Amino acid sequence: IAEVLESSRDVLLAFLDRIAFVSFVPRGFAEPDVLGTVVRRQAGGTGRARLSMPLSIQDIDVLQDAADSVYVSDAMCNALVKLVESLDAELATAAKADPNFLPTRYFSTRTVVRAVKILRAITVYDKVFHHPERPLEARFADFQLLHLHLLLAGMSPERIAKRLTRETDPRERRQLEIARTEREIFERCLRKIPAITDVPAARP
């Protein structure tokens, strides 16, 4: 994606800004034995495993209603704006310092507004899978998963490091290093935002 952006950066960044999630999938896996796992799951035994509990349209409606009802306080909105502004500034600084680094995302008003909607979805996701007791109120800890929207998603920094030890293609290495740098900058910017612990109660 870095090479594509270099050919027509402004136009393509505006296009990518209309896509909520963009991910880089390397040619190879971080760990060699993962390929065997993929083959076994997809083609081993009697064939590909089927979903045991597919979602119905009604299920999706319920989840959408839940996401729409998540309360996001003014303090959370302000913190999100600070996070994006800090991220944008640090990515620009990194690009000036390293000619091989090229930010892969563009932060517009659309990006930030959509990030609030995704924050609501993250809240519902956490409630469904991890903390059923939590109220439908966005918390500061939910910011962590926003990297999936604000950055080029894909491998974790740890898996990227493993892949880089075996990757010889300079194009692949560059993209992996860009993804790792973006994630490191995101984590650094997130740590700079004061945690919000006092969230006003949502309206009934």
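Q: Which residue forms a salt bridge with Asp 17?
A: Asp 17 pairs with Arg 114, and their closest N and O atoms are 4.0 Å apart. A salt bridge here is a side-chain nitrogen of Lys or Arg within 4 Å of a carboxyl oxygen of Asp or Glu. This is a predicted model, in which local features need pLDDT of at least 70, side-chain atom pairs count only at pLDDT 80 or more, and totals for chains, interfaces and linings use all residues. Residues are numbered from 1 along each chain as its sequence is written, and side-chain values use heavy atoms, with hydrogens and water left out.

Q: Where do Asp 17 and Arg 114 lie?
A: Asp 17 is in the loop between helix 2 (9-16) and strand 1 (22-23), and Arg 114 is in helix 6, so the pair ties together parts 97 residues apart in sequence. Helices (H or I, at least four residues) and strands (E, at least two) are DSSP runs numbered from the N terminus.

Q: Are Asp 17 and Arg 114 buried or exposed?
A: Both are buried. Buried means under 20% relative accessible area, exposed over 50%, and partly exposed in between (1.4 Å probe, protein chains only).

Q: What do the buried residues of helix 6 pack against?
A: They pack against helix 4, helix 5 (74-97) and helix 7 (147-150), where contact means heavy atoms within 4.5 Å. Among these buried residues are Val 112, Ala 115, Leu 119 and Ile 122.

Q: How many salt bridges are found in the whole structure?
A: The search finds 11. One of them joins Arg 188 to Glu 90, with the closest N and O atoms 2.9 Å apart. That pair links distant parts of the chain, Arg 188 in helix 9 (residues 170-192) and Glu 90 in helix 5, 98 residues apart.

Q: Is Glu 90 buried or exposed?
A: Glu 90 counts as buried, at 17% relative accessibility, while Arg 188 counts as partly exposed at 35%. Glu 90 also meets Lys 192 in a salt bridge (2.8 Å, N to O).

Q: Changing topic, which elements give two or more residues to the nonpolar patch?
A: The patch covers about 980 Å² of surface, and its residues include Phe 21, Ile 57, Tyr 125 and Phe 129. Helix 4 (57-68) and helix 6 (109-129) are the elements that give two or more residues. Patch residues have over 30% relative accessible area and no salt bridge; like charges are joined within 9 Å, and nonpolar side chains (Val, Leu, Ile, Met, Phe, Trp, Tyr) within 5 Å.

Q: Why does Ile 57 count as exposed?
A: Ile 57 counts as exposed because its relative accessibility is 58%.

How values were computed: Areas by Shrake-Rupley, 256 points an atom, 1.4 Å probe, with all protein chains shown as cover.
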